[in-house]
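Have the structure open while you read.

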Amino acid sequence: MGCGTSSSVKDKKSEKALKAALVIQNWYRRRSAQLKTRQRYALTIFQSIEYTDEQGQLQLSNFFSFMLENYTRVLEEDSELVTHLLGSNIQDKDRQDYLGLIDVPDSYCGPRLQFPVTFTDIDLLIEAFKQQQILHAYYVLEVLFETKKLLQQMPNFTHTKTSPSKEITICGDLHGKLDDLFLIYSKNGLPSVSNPYVFNGDFVDRGKNSMEILMILFVSFLVYPNDLHLNRGNHEDFMMNKRYGFTKEVLNKYKLKSVLMPPIPIDGDRATEKENKVGTTITARGIRRNGSLSEQLTKHEWEQVIDILWSDPRGKRGCYPNTSRGGGCYFGPDITSRILNKYQLKMLIRSHECKPEGYEICHDGKVITVFSASNYYEEGSNRGAYIRVSSGTPPRFFQYQMTRATCLRPLYQRVNAVESSAIRMLKERMISRKTDLIRVFQLQDCSKSGKLSVGQWAFSMENVLGLNLPWRSLSSRLVTTDKDGNIDYMSSFQDIHIQKPVKEVQSTLIETVYRYRSDLQIIFNVIDSDHSGLISMEEFRSMWKLFTSYYSVCIDDSQLDELAERMDLNKDGSIDFNELLKAFYVVHKFDKLNKSDTKVA
Amino acid sequence: MADDRSREGTETAVAEFHKKIKEAFEVFDHESNNTVDVEEEEPTGYIRFEKFLPVMTEVLLERRYRPIPEDILLRAFEVLDPAKCGFLSKEELIKYMTEEGEPFSQEEMEEMLSAAIDPESNSIHYKDYITMMVIDEN
């Protein structure tokens, strides 16, 4: 009897413990799922904005063609500008002319390369860059010229053999993230004859060590030209570099104004032997084709290049325009099968898209996306990966994530960080379209109550911003909702505004300049051929006229004049455009550091 | 009349739920082929939107899976801490989470500990932990 009672008490106790444990586990798992969802939403926000920007970039390219047609008529003649825009401004200068301009002083204590380079130079560079040293411009030029010379001798398609004892490693986008390259080389070994590599483009832009990555990759290539393969990505393009940071990095690290970087010629296609998709031969800009100087690519050729470098695989069958990015296409599994069969290929390994796990397999295992820049958008946003491949065996995947300080932080803190960053970016988008948004909101707000239903609000946001996002789920982070579930649409603009450089200027002008500030900066930079930071008032006005007409912006020219005058940017008839654009930045009311978002281009 | 209006109200609510579910689904459907990967149950490894939508709509309409109230969570921890010390040792928590109920995987356990544990005492002060989590949620 005693035993009976005590065992039933024990049962009851353990039953309670079981229930309690279940409550905690359920709660915890629900929270984890929420956190992971929020992380994914943040990634979607970053990606949508990035792709919309890419659309803007392609539109800008078109604008330059438009500008070339109309601009040179407006000014006398600016042949320098024209050649600058065409990117073929180096042909007439000799290697010796450039090297003759520079001396390496004795006081320079950075790495000194010995030409022809050997594997010790790779080590030398890695060690130096780990200590944040900068390679002297003289060596940079030498490396660039040597690389260019070698690349010009190579065909656009490379064939390479693998075997079980000689696997090849394929890496995706690096985007200036030097730590990721260090990690790959350290975990996977330095390149060598028995350890070949393919790098699938997008080495530069966004990260802060594009230059160092290029130097390591190019020197590795010079040492092992048959075992280190470099493919071109859509960021190996001087126009993209102007927007996405590489040009800026170069100008900051190397303040020699008169030295212009030669365009980087790289293999035309994005896939290696096993995996090439298109049968036609494409040449990149500036490459010598068969010994003769290639001219500007034809429109058709340029479209083919864009197709190769910008397209993305999708589940839907067929081939249709890539509307997110504004260039290239979406291709379905049927297209993949057809092309692979036609050229007797097994697989396509490509990059170009950031994946949360660093890689993704689709189209029945026939297409693999590999992306090697971890934390691409933000600390904690995604992992990076690389693949080891050899014929006859399935590919092996290796993942990593470079998180220095945040490595040991719990998930909820990491998610909070990524999410706040994404929401911040989204809010800046919203503020730059404030006038348009309010107009659309008010059109639907018939009773002038200041409120809209969630559906109406979501519809307006999607249409004005052109971003395909889960608005209903994000609404709690962007606006205030009342107890009936209706949205107070003006509430999103409360804690954020664009700093007005001058009080009297109209908000539409402020918003427009802020919205197009990246494009404007690129345009100004291109016009400013001597890199002085100044352009003449006349050039400024005519450029602005062209810009407003092409982008269908309704701003009175006189307003801009007034702005420039009031800001006193006029220095002897020239405009300091960097000062102009820097003055337009977003203030987040609850920020500790107000000017942390002066990201002009 | 009232019936009509309430039916209309439910219809609009359902339509809004549908849109909300579709939006969220699309975030995970990166191939845009109306399927998302799942980690369990489904033998195929993914679930289709057509199947997902009605199930999820019902969940939202019936307001199932509401957040677990703070006090219930606290009581659950207190059950595991009968001596009312105000904390659980690391070993105790691990034992309960990995042996009772629907056991945690090692990854889940490590992840929970990273946020919950007080490194100096190697114990979990559950009241503080709960408060911290609840604040973060809002």
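Val370(A) sits in strand β11 of chain A, which covers residues 367-370; strands here are DSSP runs of E with at least two residues, helices are runs of H or I with at least four, and both are numbered from the N terminus. Before going further: this is a predicted model, where local features need pLDDT of at least 70 and side-chain atom pairs count only at pLDDT 80 or more, while totals for chains, interfaces and linings use all residues. Residues are numbered from 1 along each chain as its sequence is written, chains are lettered from A and ligands numbered from 1 in the order in which they are written, and side-chain values use heavy atoms, with hydrogens and water left out.

Is Val370(A) buried or exposed? Val370(A) counts as buried because its relative accessibility is 0%. The scale calls a residue buried under 20% relative accessible area, exposed over 50% and partly exposed in between, with a 1.4 Å probe and protein chains only. Leaving out residues up to four places away in sequence, Val370(A) touches a list of residues that includes Ile170(A), Cys171(A), Ile349(A), Tyr359(A) and Tyr386(A); a contact means heavy atoms within 4.5 Å. Tyr386(A) is 16 residues away along the chain, and the two C-alpha atoms are separated by 6.5 Å.

## Nonpolar cores

Next, the greasy parts. A nonpolar core is a set of buried Ala, Val, Leu, Ile, Met, Phe, Trp, Tyr and Cys residues joined through side-chain atoms within 4.5 Å. The largest one has 77 residues, and Trp457(A) and Trp471(A) touch the most other members. Helix α1 of chain A (residues 2-74) supplies the largest share of this core, ten residues.

Trp457(A) touches Trp471(A) itself, and its other contacts include Phe441(A), Leu452(A), Leu478(A) and Tyr489(A), not counting residues up to four places away in sequence. Another core, of 50 residues, lies apart from the largest one, with Ile102(A), Phe182(A), Tyr185(A) and Ile213(A) among its members.

## Salt bridges

How many salt bridges does a search of the whole structure find? Over all chains, the count is 31, where a salt bridge is a side-chain nitrogen of Lys or Arg within 4 Å of a carboxyl oxygen of Asp or Glu. One of them pairs Lys166(A) with Asp227(A) at 3.7 Å, N to O. Lys166(A) lies in the loop between α5 (137-153) and β1 (168-171) of chain A and Asp227(A) in the loop between α7 (210-223) and β3 (228-230), so this pair ties together parts that are 61 residues apart in sequence. Lys166(A) is partly exposed at 26% relative accessibility, whereas Asp227(A) is buried at 10%.

Another bridge joins Asp482(A) and Lys451(A) at 3.1 Å, N to O. Here Asp482(A) is in the loop between β15 (480-481) and β16 (487-488) of chain A, while Lys451(A) is in strand β14 (residues 451-452), 31 residues apart. Both ends are partly exposed: Asp482(A) at 23% and Lys451(A) at 32%. There is also a network of salt bridges that share partners, with Glu54(A), Asp312(A), Arg325(A) and Glu360(A) among the residues joined.

## Where the chains meet

In the interface, 38 residues of chain B are in contact with 40 residues of chain A. The two chains bury about 3700 Å² between them, 59% of it on carbon and sulfur atoms; buried area is the accessible area (1.4 Å probe) that two parts lose on being put together, summed over both.

Five salt bridges cross this interface. Glu111(B) meets Arg414(A) at 3.6 Å, N to O. Glu102(B) meets Arg29(A) at 4.0 Å, N to O. Glu102(B) lies in the loop between α4 and α5 of chain B and Arg29(A) in helix α1 of chain A, so this pair joins two chains. Glu102(B) is partly exposed at 44% relative accessibility, and Arg29(A) is partly exposed at 24%.

## Chain B on its own

Chain B has six helices and four strands, running α-β-β-α-α-β-α-α-β-α from the N terminus on. Of its 138 residues, 26% count as buried.
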